[in-house]
Amino acid sequence: MPPPHTTTLALLGGEPTTSRLPDPQPRPPTEEDLALVTAMLRRGEGAYVGDEGQVRELESEFGQLVGARHALAVNSGTSALYSAFFGIGLEPGDEVLAPTYTFLATVMPLFAVNAVPVLADVDERTGNLDPADLERHLTPRTRAIVVTHLNGVPADMPALTAFARRHQLALVEDCSQAHGAICAGKHVGSFGDAAAFSLQAKKTVSAGTGGILLTNDQRVYERAVMLGHFLDRAEQAVTSDEYARFASTGFGHNLRMHPVGAALARGSLRALPETLRIRKANYDLLDQLLTGIPGLCPPVREPYMDELGYYSYQPLYVPEELGGLSAELFVRAAVAEGVPLSKPRSAPLHCTPVFTDPSWHSRTFTPHAGTDRGYRHYRTEQFPGSLRYLERALRLPVYSTDIRDHAERWAQALAKVATQAHVLRAYESR
Ligand SMILES: *Cc1c(COP(=O)(O)O)cnc(C)c1O
């Protein structure tokens, strides 16, 4: 028998190295979770008006995990970000620095508070906001920074908090992919003025659909409560002279979390240490197995990255080591071998129509639509770090179950593809 890495590539008609493992599924509810939900539904516990029940428990448990004084459960991570931006008191025209590479919900709610997102470049190795690119975007209207811990990898919070302090900017963390991550000795979500976590089904802690905002600042908390809550909950939470008299009516939204979602999220949160333990083991195993395969560089680790959120595994592709073989063909060949390898799909925000087509701003319903609010528009080349990142980043899913045998076969398959890069290059230049 020939050694496995010299057999014909599956892409070119050979036998695949392994059969494809189904994508990771959200953690199924346990018997305990289901019993709690059944009991709630039997009691008719389908909505809360006040600070009570499963939502109250979830807020208290989540706040304790990260060490935040206040927690506010809402109906999505996007709503948590919206509440955070409203909470920190942004005013129309205030500029907020944001990474161009992130999930859209990190940035889009800024339009809903009439603030102006000002995009900045990202570190080409991690996709996280590059602290070195912030200075040039500062203007007298800059008020805040929003930062994502992408793929569970903490952003450079030592540098970002120092920058925010130096320029007196508010700081919002989007921790939607980084539940449980620790940066420079502290939980992500504890660095800024407010933090948002998505609790959507794919996230490491899940309510099915939901989100949660954390803050230590009473004023931020009161404003966030009043954006999406009214009557009892707002009256109980909002006690300051500044806002208490407005509490009963709120500011016009109902962003409350569903009680069943809160109950499910509590179960998922209790399981988090064990979930992270297994995901970390899988992640570290991939690091080990992929080290030394030409064309692949395991994800960078900086000293401040104490614990990751292990949301997805992103090695970098190094085409120079494979004679310039395109990442697309490398991925196609790996997928044909049975490896669940992919490339990040979403474009950087500065390449999306909201940031390239000025006519968008006259088509929105905001009170200032059509006026020149200082909205920025961008050209593709403007953020080379984000383009380099997209070119080089690869992605393997991180599972919450033991997948050692599969991971070993993925590594064999990747080594096989790398060993035969010359065959693929010939195929590519046909
Ligand atoms: C999932 C996610 C969100 C949005 O959360 P939803 O609960 O889907 O609204 C925001 N930011 C990031 C980085 C995310 O991954």
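Q: Which strands does helix 6 (residues 218-228) lie across, and at what angle does helix 6 run to strand 1?

A: Contact here means heavy atoms within 4.5 Å, and angles run from 0 to 180 degrees between N-to-C directions of axes fitted to C-alpha atoms, for helices over the stretch in contact. Helices (DSSP H or I, at least four residues) and strands (E, at least two) are numbered from the N terminus. Helix 6 lies across strand 1, strand 8 and strand 9, and runs at about 20° to strand 1. Before we go on: this is a predicted model, where local features need pLDDT of at least 70, side-chain atom pairs count only at pLDDT 80 or more, and totals for chains, interfaces and linings use all residues. Residues are numbered from 1 along each chain as its sequence is written, and side-chain values use heavy atoms, leaving out hydrogens and water.

Q: Which strands does helix 3 (residues 77-87) lie across?

A: Helix 3 lies across strand 1, strand 4, strand 5, strand 8 (194-198) and strand 9 (211-215), at about 170° to strand 8.

Q: In what order do the 7 strands of the open sheet come?

A: Two strands pair if DSSP finds at least two bridges between them. The order is 1-9-8-5-4-2-3, with mixed pairing. Strand 1 (70-74) and strand 3 (116-120) are the edges, each pairing on one side only. On average, neighbouring strands of this sheet are turned by 20° against each other, direction ignored.

Q: How many bridges join strand 4 (residues 142-148) to strand 5 (residues 170-174)?

A: There are 5, and these two strands run parallel. To find the pairing on screen, look for Ala144, which stands opposite Ala170 in strand 5.

Q: What is the order of the open sheet with 3 strands?

A: That sheet reads 7-6-11, with antiparallel pairing. Strand 6 (residues 182-183) and strand 11 are joined by 2 bridges, and Ile182 stands opposite Glu307 in strand 11.

Q: Which residues come nearest to the ligand?

A: A residue is near if one of its heavy atoms lies within 4 Å. Of the 15 residues around the ligand, Gly77, Thr78, Asp174, Ser198 and Lys203 come nearest. Helix 3 gives the largest share of the shell, 3 residues.
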